[in-house]
Amino acid sequence: MQFQLATDYAIRILSYLHHNDKELATAANMAEELGITYLYFMKIIGKLKAADIICSVQGCNGGYKLAKSAEDISLFDVVTVMEGGISINRCLQEDGFCSRGAAPHCPVHKYFSDLQSDIIKQLGQKHISEF
């Protein structure tokens, strides 16, 4: 299991906005300072904006800022937006599919379920303000 590069970038963007919360940040400036191509940056910003994690201010002095406090944005929130959630094994997805039909009593399923819960808990306890 590996998070996408976009997830790492999203965390860095949010951290940047948190540490520069006194002024609006433009897309071009942030992309350059964070070493992200502009087009890829805009794709990530679009997802964060759609999830109401960041907002934009229009106009000649416009830019981006956090839509809520960095203390209220967990890594789990970011992973959910960028990755679509966490599922470390196919049998842990919403439909509970198991090729053997054994999910309810499978010891591997139980272990992976506990592991996934622990990962979600850890990500939920770490906030953007801590970076």
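Residues are numbered from 1 along each chain as its sequence is written, and side-chain values use heavy atoms, with hydrogens and water left out. Because the model is predicted, local features require pLDDT of at least 70 and side-chain atom pairs count only at pLDDT 80 or more, whereas totals for chains, interfaces and linings use all residues.

Secondary-structure elements are DSSP runs numbered from the N terminus (helices: H or I, at least four residues; strands: E, at least two). Helix H1 comprises the 15 residues 5-19. The expected span of a helix is taken as 1.5 Å times one less than its number of residues. For H1 this gives 21 Å, and the end C-alpha atoms are 21 Å apart, which agrees. Burial is assigned from relative accessible area (buried, under 20%; exposed, over 50%; partly exposed, in between; 1.4 Å probe, protein chains only). H1 is mostly covered, with eleven of its 15 residues buried. These are Ala6, Thr7, Tyr9, Ala10, Ile11, Ile13, Leu14, Ser15, Tyr16, Leu17 and His18. Contacts are defined by heavy atoms within 4.5 Å.

A nonpolar core is a set of buried Ala, Val, Leu, Ile, Met, Phe, Trp, Tyr and Cys residues joined through side-chain atoms within 4.5 Å. The largest such core has 30 residues, of which Ile13, Leu14, Leu17, Met30, Leu48 and Ile54 touch the most other members. Two or more residues are given to this core by each of H1, H2, H3, S2 and H4. H1 provides the largest share of the core, eight residues. Beyond its neighbours within four places in sequence, isoleucine 54 is in contact with Leu14, Leu17, Ile45, Leu48, Lys49, Tyr64, Lys65, Leu66 and Ala67.

Helix H5 covers residues 107-125. Its 19 residues reach 27 Å from the first C-alpha to the last, close to the 27 Å expected at 1.5 Å a residue. The buried residues of H5 are His109, Gln116 and Leu123. They cover an arc of only 60° around the axis, which puts them on the same side of H5; the arc is that of the directions from the helix axis to the C-beta atoms. Pro107, Tyr111, Lys121 and Gln122 are exposed on the other side of H5. The buried residues of H5 pack against H4. Glutamine 116 counts as buried because its relative accessibility is 11%. With residues up to four places away in sequence not counted, glutamine 116 touches Ile86, Ser87, Ile88 and Leu92.

Phenylalanine 97 is located in the loop between H4 and H5. Its relative accessibility of 44% makes phenylalanine 97 partly exposed. Residues up to four places away in sequence being excluded, phenylalanine 97 touches Arg90 and Cys91. Phenylalanine 97 and cysteine 60 are separated by 37 residues in sequence and, C-alpha to C-alpha, by 51 Å in space.

Salt bridges were assigned where a side-chain nitrogen of Lys or Arg is within 4 Å of a carboxyl oxygen of Asp or Glu, and the count comes to three. Arginine 12 and aspartate 8 form a salt bridge with an N to O distance of 2.7 Å. Both residues lie in H1, four residues apart, about one turn of the helix. Arginine 12 is partly exposed at 45% relative accessible area, and aspartate 8 is partly exposed at 31%. In H5, aspartate 114 and lysine 110 are likewise four residues apart, about one turn of the helix. Their salt bridge has its closest N and O atoms 2.8 Å apart, and aspartate 114 is partly exposed, with a relative accessible area of 34%. A salt bridge also joins glutamate 130 to lysine 126, the closest N and O atoms being 3.3 Å apart. Relative accessibility is 42% for glutamate 130, which counts as partly exposed, and 32% for lysine 126, also partly exposed.

A disulfide is a covalent bond between the sulfur atoms of two cysteines. Under the criterion of a pair of cysteine sulfur atoms within 2.5 Å, the count of disulfides is zero. For cysteine 55, which is in no disulfide, the nearest cysteine sulfur is that of cysteine 60, 17 Å away. Cysteine 55 is partly exposed at 23% relative accessibility, whereas cysteine 91 is buried, with a relative accessible area of 11%.
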